[in-house]
Amino acid sequence: GDQGQYIFRGLEVSRKYTMQAGHPDYTSGWVEISVSKPGGLKFPDIVLRAHTGITVSGRVVNVSGEPIAGAEVVAGKAPYMSNSVTTKTDDAGRYAVRNVSEGDSFVIFKAEGYAPELQKIKIISDQDMQLDFTMNPGKGIAGKVLDEDGNPIKDVYMVVGAWHNNESVDNTTKWVQTDANGSFRVDNLPE
């Protein structure tokens with residue numbers, strides 16, 4: 001709410017929850033709580049530190065050295081990209097991801113027509129980082145899903161999730177659904 005208050009409904013008794021809060025001008029804060037009795041629980045405050053974190057900046061270009069405008073750049077902790085911060089490149093391919101937490105992190109680069117890329121980095125306290133990146137054209141996979149009699153199956157969900165041997169990294173999974181002919185296509189994949 002306006003006073004920084006929050007309410008969660010429907011939490012199960014005897015479970016632990018991790019609550020995280022974030023804001024573009026602060027590093028994220030989180031608390032772990034256990035719900036021991038139903039209703040009327042007072043949760044601990046989640047504190048956002050007025051610490052600006054580290055800035056990871058650079059330029060994203062294609063294999064010809066031309067800037068890629070509008071590429072999404074996400075920095076965070078794997079496997080679930082916790083404490084992630086997202087930005088987009090400008091017309092010159094430049095980006096700046098602010099308030100990245102220190103320690104081991106991943107930076108994911110995604111743009112239409114290009115293969116997503118994942119770069120592992122180590123953020124050191126009070127040391128901003130320069131990270132330029134070249135993106136390769138994306139590949140595609142197409143196919144058809146048929147039943148045992150050779151008839152197409154509509155509305156089958158297909159997922160491509162294993163990527164850089166890191167199956168559970170968020171922001172990289174691609175979902176598609178088969179059409180009436182059982183056909184599907186997934187684009188913008190790495191080799």
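Which residue is the bridge partner of Asn62 in E10? That partner is Met135, and we'll come back to this pair once the strands have been laid out. What you're looking at is a predicted model, where local features need pLDDT of at least 70, side-chain atom pairs count only at pLDDT 80 or more, and totals for chains, interfaces and linings use all residues. Residues are numbered from 1 along each chain as its sequence is written, and side-chain values use heavy atoms, with hydrogens and water left out.

Let's start with the overall picture. The chain has 14 strands and zero helices; here strands (E, at least two residues) and helices (H or I, at least four) are DSSP runs, numbered from the N terminus. The chain has 191 residues, and 33% of them are buried. Buried means under 20% relative accessible area, exposed means over 50%, and partly exposed is in between, using a 1.4 Å probe and protein chains only. The accessible surface comes to about 12,100 Å², and carbon and sulfur atoms hold 46% of that. Such areas come from the Shrake-Rupley method with a 1.4 Å probe, and for residues only the protein chains shown count as cover. As for contacts (heavy atoms within 4.5 Å), take those with a separation of 6 or more: 54% of them join residues 24 or more positions apart.

Seven of its nine residues are buried, so E3 is mostly covered. Two strands count as paired if DSSP finds at least two bridges between them. E3 pairs with E6 in the antiparallel sense over five bridges, and there Ser57 has Ala96 as its bridge partner. E3 also pairs in the parallel sense with strand E9 (residues 129-130), over two bridges; Ser57 turns up again here, standing opposite Gln130. Then comes E10, which pairs with E3 in the parallel sense over three bridges. That is where the opening pair belongs, with Asn62 facing Met135.

Met135 also leads us inside. In soluble globular proteins, nonpolar side chains tend to be buried together. A nonpolar core is a set of buried Ala, Val, Leu, Ile, Met, Phe, Trp, Tyr and Cys residues joined through side-chain atoms within 4.5 Å. The largest one here has 19 residues, and Tyr95, Phe109 and Met135 touch the most other members. A second, separate core has five residues, among them Val145, Val176, Val186 and Leu189.

Now for the charged pairs. A salt bridge is a side-chain nitrogen of Lys or Arg within 4 Å of a carboxyl oxygen of Asp or Glu, and the structure holds three. In one of them Glu72 meets Lys110, with the closest N and O atoms 4.0 Å apart. Glu72 sits in strand E4 (residues 72-77) and Lys110 in E7, so this pair ties together parts that are 38 residues apart in sequence. Another joins Asp104 and Lys122 at 3.4 Å, N to O. Asp104 is in E7 and Lys122 in E8, so parts 18 residues apart in sequence are tied together. Asp104 is partly exposed at 42% relative accessible area, while Lys122 is exposed at 52%. In the remaining bridge, Asp187 pairs with Arg185 at 2.8 Å between the closest N and O atoms.

Between E7 (103-110) and E8 (117-123) runs a loop that holds Gly113. This glycine is partly exposed, at 37% relative accessibility. Its contacts, beyond residues up to four places away in sequence, are Pro137, Gly138 and Asn188. The C-alpha atoms of Gly113 and Lys139 are 8.4 Å apart, though 26 residues separate the two along the chain.

Tyr157, Val159 and Trp175 make a nonpolar surface patch of about 400 Å². Patches are made of residues with over 30% relative accessible area and no salt bridge, where like charges are joined within 9 Å and nonpolar side chains (Val, Leu, Ile, Met, Phe, Trp, Tyr) within 5 Å. Trp175 has its place in strand E13 (residues 174-177) and counts as exposed, at 60% relative accessibility.
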